[in-house]
There are 2 protein chains.
Amino acid sequence: MTEQSLGVLGGMGPLASAQFMLRLTLLTDAARDQDHIPAVLWSDPRVPDRTAARIAGGEDPLPALLRGIRGLEAAGCGAIAIPCNTAHGWFDAMQAATPLPILHIVDAAEAELLRLGVTPGPIGLMGTAGTLAMRLYQERLAPRGWTCLVPDEAEMTRLVSPGIAEVKANRVAEAYAPLAEAAQLLVARGARAVVLGCTEIPLGIAAGPALPFPVCDTIDGLARAAIGWAGRAASHPM
Amino acid sequence: MTEQSLGVLGGMGPLASAQFMLRLTLLTDAARDQDHIPAVLWSDPRVPDRTAARIAGGEDPLPALLRGIRGLEAAGCGAIAIPCNTAHGWFDAMQAATPLPILHIVDAAEAELLRLGVTPGPIGLMGTAGTLAMRLYQERLAPRGWTCLVPDEAEMTRLVSPGIAEVKANRVAEAYAPLAEAAQLLVARGARAVVLGCTEIPLGIAAGPALPFPVCDTIDGLARAAIGWAGRAASHPM
């Protein structure tokens, strides 16, 4: 590969990173194979569970994350995208360990909100218990005027965490109902849009009827950030 | 990665290899991230056009294919899958250049036909002009009792080649009609099933109503071969 190639640190989960590769391709304005962005996907689903590490004393995922980064460096990539929101809890440690720029998924989500016409103010945020506990979105977005409404603990236990687990177990259709209900509850509480801040969630939400409010797909957002990094045009929204 | 990891030589085209990663994940029997197959996808869409190389004196793709194989070896993979039928015209040269086993997509297609209940006999074969000119399927499958009916030159020019090009240019929905018509013509001529022997074709065929005869999806076939190589169970067909 060359420095024009994108490194994708994936496998967290593997369906989300495959979907990222699909959307990266579909969102690139291309007429033939050779117009597309060269990429290496390092899909290592064995990375220890990020949420368990952060809130339940589980194994530290950082060594496995750094092994992936070393692999992408060795492959000759010029930048790294990580289609897993929770892994961004280790962003600073990863960025300190590599000279390659890592595209930050929260910045990509903000750009996606703006692209959807949503301006700073109250938004809903769905994510893993780890992402919410680490306040990944809140701390990065508050200085820019965004306020995050999040599911309460009962909603996390009954709706969001089971919905994410369904996608990781390939039961995508079953994930729709709980995830859509959680999003609707955030809108009822004043959110003007809902960030699907775990890359499994867009897969579940896509498995049923479209929601009647803006949703920010963090897979698409990160794909558009990567297309921008590569200096390519994004095609029309699809 | 480790020798239990699958190397995927992709980018030919990039949408087909992303779809391969998606199907590899969905077809694996898994309850959580850590149950899935570790994989590295080397998606280099810059590999010179395989069909142009074989039938129009275009640039030889072998050096680029071997660079990808070196990258997958360096990443520590234990086997290689190539979700591009035409690239298998260089199979012997690639296999001679690496100690890693390369799963052959034609063998995977045959296993998929048998899984669908299709027994040796006349089948339809759609593919790129390069794949047909190289007789990749005919020479490997004839000794096992399969006979391949292929589109004639006019059907290739009017239906199959444009359908494949639509997928490579991200116009997947537009690819359905010409590809479905070409498949139907093969069945009218006596094919008992149709092999979608170019990994762009299943994407186009999936964009419209299901065809009323068995179709062999070479993306799914190769994914099942990889799951078998990894010693995993394939989940129920989906």
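Modeller: What follows is a close look at that pocket.

This is a predicted model, in which local features need pLDDT of at least 70 and side-chain atom pairs count only at pLDDT 80 or more, while totals for chains, interfaces and linings use all residues. Residues are numbered from 1 along each chain as its sequence is written, and chains are lettered from A in the order in which they are written.

The largest pocket holds about 610 Å³ of space; on a 1 Å grid over the protein atoms alone, a pocket is an open set of points where a 1.4 Å probe fits, with protein on both sides within 12 Å along at least five of seven lines, and lining residues have an atom within 4 Å of a point. Its lining counts 28 residues, and those closest to the centre are A:Q19, A:P202, A:I205, A:A206 and A:D217. Two or more lining residues come from each of α1 (14-26), α5 (105-115), α10 (201-205), β8 (215-217) and α11 (218-229) of chain A, and also from α1 (14-26) of chain B, where helices (H or I, at least four residues) and strands (E, at least two) are DSSP runs numbered from the N terminus. The largest share, 5 residues, is given by α1(A).

By residue class, the lining of this pocket divides into 21 nonpolar, 2 polar and 5 charged residues; here Ala, Val, Leu, Ile, Met, Phe, Trp, Tyr, Cys and Pro count as nonpolar, Asp, Glu, Lys and Arg as charged, and the others, Gly among them, as polar. Domain 1 (6-104 + 220-229) and domain 2 (106-218) of chain A each supply at least three residues to the lining, with bounds that come from an automatic or database domain assignment.

How values were computed
Heavy atoms only, no water. Points joined across faces, edges and corners; volume = space filled by probe spheres on them.
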